[in-house]
Amino acid sequence: MIRVTYVAHDGAETVIEAEEGTSVMQAAVSNDVDGIVGECGGSMMCATCHCYVDEAWEAKTGQRSDDEDEMLEGAASEVTGRSRLSCQIKLDPSLDGLVVHLPEEQL
Amino acid sequence: MSPSRVVIVGAGQGGLQAAISLRQSGFDGAITLIGAEPGLPYQRPPLSKAYLLDGKAEALTLRPESFFESKQVAYLPDTRVLEIDRQAQEVHLDGPGEARRMGYDHLVLATGTRNLRPPIDGLEHACDLRTLADAARLREALAAPRRIAVIGGGFIGLEFAAVARKLGHDVSVMEAAPRLMARAVSPAMSRHFEAWHRAQGVALHLGRAAIGVDAGGVSLDDGARVEADFVLLAAGVRPNTELAEAAGLETENGVCVNAQLLSSDPAISALGDCASFPDPRSGAMVRLESVQAATDHARLIAARIAKGACPDYAAVPWFWSDQGDQKLQIAGFAGPGATEEVVADGLVARFDAGGLAAVETVNNARAHMKARRLLAPGGSADLAALKEAIAA
């Protein structure tokens with residue numbers, strides 16, 4: 001299992017464990033983490049699973065794709081260099097301990 | 001006074017979203033979510049796409065069991081509402097255990113649609129694709145090489161056809177209209193997808209209605225015969241309005257609601273695929289079959305119930321369909337009679353009397369998102385504005 005910490009906009013932390021291959025969005029939704037919506041179910045058709053990858057994990061999660069970049073244009077909260085659509089980050093053992101920060105709004 | 005008991009009929013994505021949004025909006029009364037299917041509420045869009053390939057049913061679940069406990073939402077699966085008694089403000093339920101009545105202060109109809117069954121002989125030989133159980137059956141059918149016939153060239157039929165073709169099956173699609181997805185996209189976009197499906201080796205029979213299905217295939221209205229060992233019926237849907245009709249609510253192509261998504265009874269709202277609502281741009285009554293409409297409706301209704309008031313519905317519609325590697329996105333909504341302009345390959349703009357009405361794109365998330373912003377309420381965009389936005 002891979003451990004992920006979600007830091008809400010108000011600073012509250014939720015730590016969950018998810019199976020390898022799960023996306024950071026799916027892991028949040030199936031563990032009832034508020035702050036990730038994932039309206040389109042991970043088809044990269046909405047921008048409601050926006051997260052900010054913690055600085056320490058930036059290198060490991062990799063770059064966002066061009067399409068992801070375009071969809072983020074529709075995000076409800078500010079997009080920064082560390083913004084990702086969490087449906088596009090697939091969990092693997094190298095991401096065990098991953099920390100992501102959640103925006104104030106997804107819609 | 002805000003209502004203290006909300007009952008939601010229908011546990012699809014819209015019904016569940018209403019429950020989620022009620023709690024997020026601070027509603028602290030009782031919420032009951034009633035679903036006809038067994039199991040937890042799940043996403044339907046992947047049933048004709050990813051699920052057919054990966055079979056991961058658990059990935060479809062919208063919220064875990066713990067959600068219903070922690071948010072105090074009473075979820076009643078496998079339960080049908082038989083009748084709405086508007087006088088007593090009660091619904092009559094039939095589910096596990098005995099039939100019973102349940103009172104409501106506000107009722108939300110999220111009953112969705114069911115598959116249309118056109119007058120075709122022998123339809124018992126055809127499978128449907130609507131529920132997880134249907135999709136599981138289709139997955140089994142796709143396990144061995146087959147000749148597959150799909151009745152209906154809309155989103156669902158074509159998404160299924162693309163998956164089946166990718167898996168190496170012989171696939172034929174018959175569509176009674178002269179072009180694919182005629183209700184949803186422009187003629188130019190229909191042609192794009194017609195060419196793509198033909199290039200994949202899908203046999204398309206356009207302008208040909210199926211008149212009979214039997215164990216060996218499908219008969220068409222021109223006398224032609226499509227041999228098939230497996231037939232999918234994907235000929236569209238009709239809204240589930242029987243409960244509303246029997247209760248005397250106004251219905252026409254759905255449960256009629258106003259810009260606050262209230263039905264002709266102020267104690268009853270309707271959302272998503274079963275609701276006919278005024279299009280914010282044109283004012284025309286429309287009924288949209290999409291995740292976007294279902295969830296945006298749900299959020300408005302929840303805010304209105306929790307806070308007592310909310311602005312009128314104003315969301316820009318958007319749709320998507322994944323057919324193989326072709327990602328179709330539609331921003332906005334164009335009614336019948338819209339004109340079209342092919343802006344670039346895989347990018348079509350549609351116009352009506354109010355200007356730009358919809359933008360269809362293939363594998364172009366950038367233009368899609370620009371268009372969504374351009375179509376936001378209050379504005380009136382034209383072709384020049386669209387070109388400028390895309391070029392920016």
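Leaving aside neighbours within four places in sequence, R350(B) is in contact (heavy atoms within 4.5 Å) with A184(B), V185(B), S186(B), A334(B), A338(B), T339(B), E340(B), G355(B), L356(B), A357(B), A358(B) and E360(B). R350(B) sits in strand β25 of chain B. Helices (H or I, at least four residues) and strands (E, at least two) are DSSP runs, numbered from the N terminus. With 7% relative accessibility, R350(B) counts as buried. Buried means under 20% relative accessible area, exposed means over 50%, and partly exposed is in between (1.4 Å probe, protein chains only).

This is a predicted model, in which local features need pLDDT of at least 70 and side-chain atom pairs count only at pLDDT 80 or more, while totals for chains, interfaces and linings use all residues. Residues are numbered from 1 along each chain as its sequence is written, chains are lettered from A and ligands numbered from 1 in the order in which they are written, and side-chain values use heavy atoms, leaving out hydrogens and water.

## Salt bridges inside chain B

A salt bridge is a side-chain nitrogen of Lys or Arg within 4 Å of a carboxyl oxygen of Asp or Glu. Over all chains, this rule gives 28 salt bridges. R350(B) forms one with E360(B), and the closest N and O atoms are 3.6 Å apart. R350(B) lies in strand β25 of chain B and E360(B) in strand β26 of chain B, so the pair ties together parts that are 10 residues apart in sequence. Are these two residues buried or exposed? Both R350(B) and E360(B) are buried.

Now look at helix α4 (residues 132–141) of chain B, where R137(B) is found. R137(B) and D134(B) meet through their side chains in a salt bridge (3.6 Å, N to O). Both residues lie in α4, three residues apart, about one turn of the helix. D134(B) is buried, with a relative accessible area of 11%. R137(B) is partly exposed, at 45%. R137(B) and E194(B) are 57 residues apart along the chain, and 27 Å separates their C-alpha atoms.

## Where the chains meet

Which residues supply the contact between the chains? Chain A gives 20 residues and chain B gives 25. The area buried between chain A and chain B is about 1900 Å², and carbon and sulfur atoms give 49% of it. Buried area is the accessible area (1.4 Å probe) that two parts lose on being put together, summed over both. D32(A), E39(A) and M45(A) supply 35% of the area that chain A buries against chain B, more than any other three residues.

Six salt bridges are counted between the two chains. One of them joins the side chains of R299(B) and E39(A) (2.9 Å, N to O). In chain A, α1 (24–30) and α3 (66–72) each supply at least two residues of the side that touches chain B. Another salt bridge joins D32(A) to K71(B), with the closest N and O atoms 4.0 Å apart. This pair crosses between chains, from the loop between α1 and β3 (50–53) of chain A to the loop between α3 (65–70) and β3 (73–76) of chain B. D32(A) is buried, with a relative accessible area of 15%. D32(A), D34(A) and K71(B) are linked in a network of salt bridges.

## Domains of chain B

Chain B is divided into domain 1 (5–114 + 237–307), domain 2 (117–233) and domain 3 (325–391). These bounds come from an automatic or database domain assignment. The C-alpha centres of domain 1 and domain 3 of chain B lie 30 Å apart. Their contact takes four residues from domain 1 and six residues from domain 3.

Domain 1 and domain 3 of chain B bury about 390 Å² between them, 54% of it on carbon and sulfur atoms. On the domain 1 side, R281(B), V286(B) and L288(B) lose the most area to domain 3, together 85% of what that side buries. One salt bridge is counted between these two domains. R281(B) forms a salt bridge with D352(B), the closest N and O atoms being 2.6 Å apart.

## An enclosed helix

Seven of the 10 residues of helix α9 (residues 365–374) of chain B are buried, so the helix is largely enclosed by the rest of the structure. The buried residues include A365(B), H368(B) and M369(B). What do the buried residues of α9(B) pack against? They pack against α3 of chain A, together with β22 (318–323), β23 (326–332), β25 (347–352), β26 (355–362) and α10 (383–391) of chain B.
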